[in-house]
Amino acid sequence: MTAANLTARRAGPLKGVVRAPGDKSISHRALILGALATGVTEIEGLLEGDDVKRTAAAMAAFGAKIERLGEGKWRVEGAGGFSEPADVVDCGNAGTGVRLIMGAAAGFDMAATFTGDNSLRGRPMNRVLKPLGQMGATWICRQGGRLPLTLKGGGLKHIAYRLPEPSAQVKSAVLLAGLHAEGGVEVIEPEATRDHTERMLHGFGATIEVREEGAGRHIVLPPGQKLRGTRIHVPGDPSSAAFPLVAALVTPGSEVTVQGMLLNPLRIGLLETLGDMGADISVTNVREEGGETVADVTARHSELEGVEVPAERAPSMIDEYPILAVAAAFASGKTVMRGIGEMRVKESDRIALMAAGLAACGIGVEEEPETLTVIGAKRGNHLVHGGAGVTTHGDHRIAMSHLVLGLAAEEPVGVDEPGMIATSFPGFVQMMRGLGAEIEG
Ligand code: S3P
């Protein structure tokens, strides 16, 4: 999925009101739970990015009837369970897709083979296979728990699983497997991660108990669950909204509003951090939609100051560190991001690629195993230089982050493999151009 490079250059201020695309995490879950349920699920605002389309195709392969009724409007008719797919299930670039689907598939007595693109085939699946194995699933895979992988499910038993890493994907995979485990399942998370699976399971009629106890959050799914189709309105993705919002913060004279953005408390770490940095951000029209809080968020150009981002905040903004690093480049002083080792096992090693990209753009960076430090370029008249062609390793967020950097740097910034942006934010370039950005290619 490569195309000619894209280049962003400095132009006038960014102005306008936009809607973020549907939340990627919620979109995957809506399709998967819809397919596991009995009856019809109608989804509005589904993210039509490549990752989610792969999950839709996978759900059809596992026996659900999937129909696209219009833009973002999808109908899923679940068969009340999965049946064996006739071919290999290719999840493309989507870690969330493959890990959640493997969890769901493990509940059924069948074999399914999973693969993905270059990036996904390099990512660790052991974190999901370990608990699924404890429940009774078996598999054969490439060394190091890599895809392609054939999973054999069915006959699962109860476990109480304490997450060794703060991962909503692993938590969700275990919960989805637990739907069909004898005795149900319990997941204990030492640090809270996004809770869309828990909320949505409840919305589909499951009984799920969440209690804070001691140093952890216990999520208990009792046995005998029956999911029934429902209606889902997918809110705007804060991880995508982050790009136009930060672009406005760093581009002089800008004011951008993103409407209908998800404000789940476990997803707002970036907003908190930007607030700490002195960003002029206002949140209006706060409302409840389909069990989640959403609001309109406006960002205006701001003089930012570097901060220490608390390590405990990492799970609530894990996908937003690349764009935070860009905001930090335009700040005065140092921004230190600790406890972000999980960034190294995303679509790329995001600590390494952000450090390399920012350094190529003339910004001071320090990289440690679990920490990224950005030395803000804003000292007196000193500005962010830019002027680099950045290698993204096919990572959508690395590409969008550097394009935002190019919008406010002295010299243009180019990125390779821009086609990958469509995995999470197919309309990114068009939206940014609509706000006044100069992006060519
Ligand atoms: C996601 C969880 C996070 C995040 C990913 C989406 C999810 O991954 O990085 O983009 O939808 O559950 P981890 O669970 O591996 O931290």
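Leaving aside neighbours within four places in sequence, which residues is methionine 337 in contact with? Contact here means heavy atoms within 4.5 Å. The partners are Val309, Tyr321, Leu324, Ala325, Glu370, Thr371, Leu372 and Val374.

A quick word on the model. It is predicted, so local features need pLDDT of at least 70 and side-chain atom pairs count only at pLDDT 80 or more, while totals for chains, interfaces and linings use all residues. Residues are numbered from 1 along each chain as its sequence is written, and side-chain values use heavy atoms, with hydrogens and water left out.

Back to methionine 337. It sits in strand S19, residues 334-337. Strands are DSSP runs of E, at least two residues; helices are runs of H or I, at least four; both are numbered from the N terminus. Methionine 337 counts as buried because its relative accessibility is 0%. Buried means under 20% relative accessible area, exposed over 50%, partly exposed in between, with a 1.4 Å probe and protein chains only.

Now the cores. A nonpolar core is a set of buried Ala, Val, Leu, Ile, Met, Phe, Trp, Tyr and Cys residues joined through side-chain atoms within 4.5 Å. The largest has 79 residues, and Tyr321, Leu405 and Phe428 have the most contacts inside it. Helix H8, residues 238-250, gives the largest share of this core, 9 residues. Apart from it lies another core of 68 residues, including Ile26 and Tyr161.

Last, helix H3, residues 95-105. All 11 of its 11 residues are buried, so H3 is largely enclosed by the rest of the structure. Among them are Arg99 and Met102.
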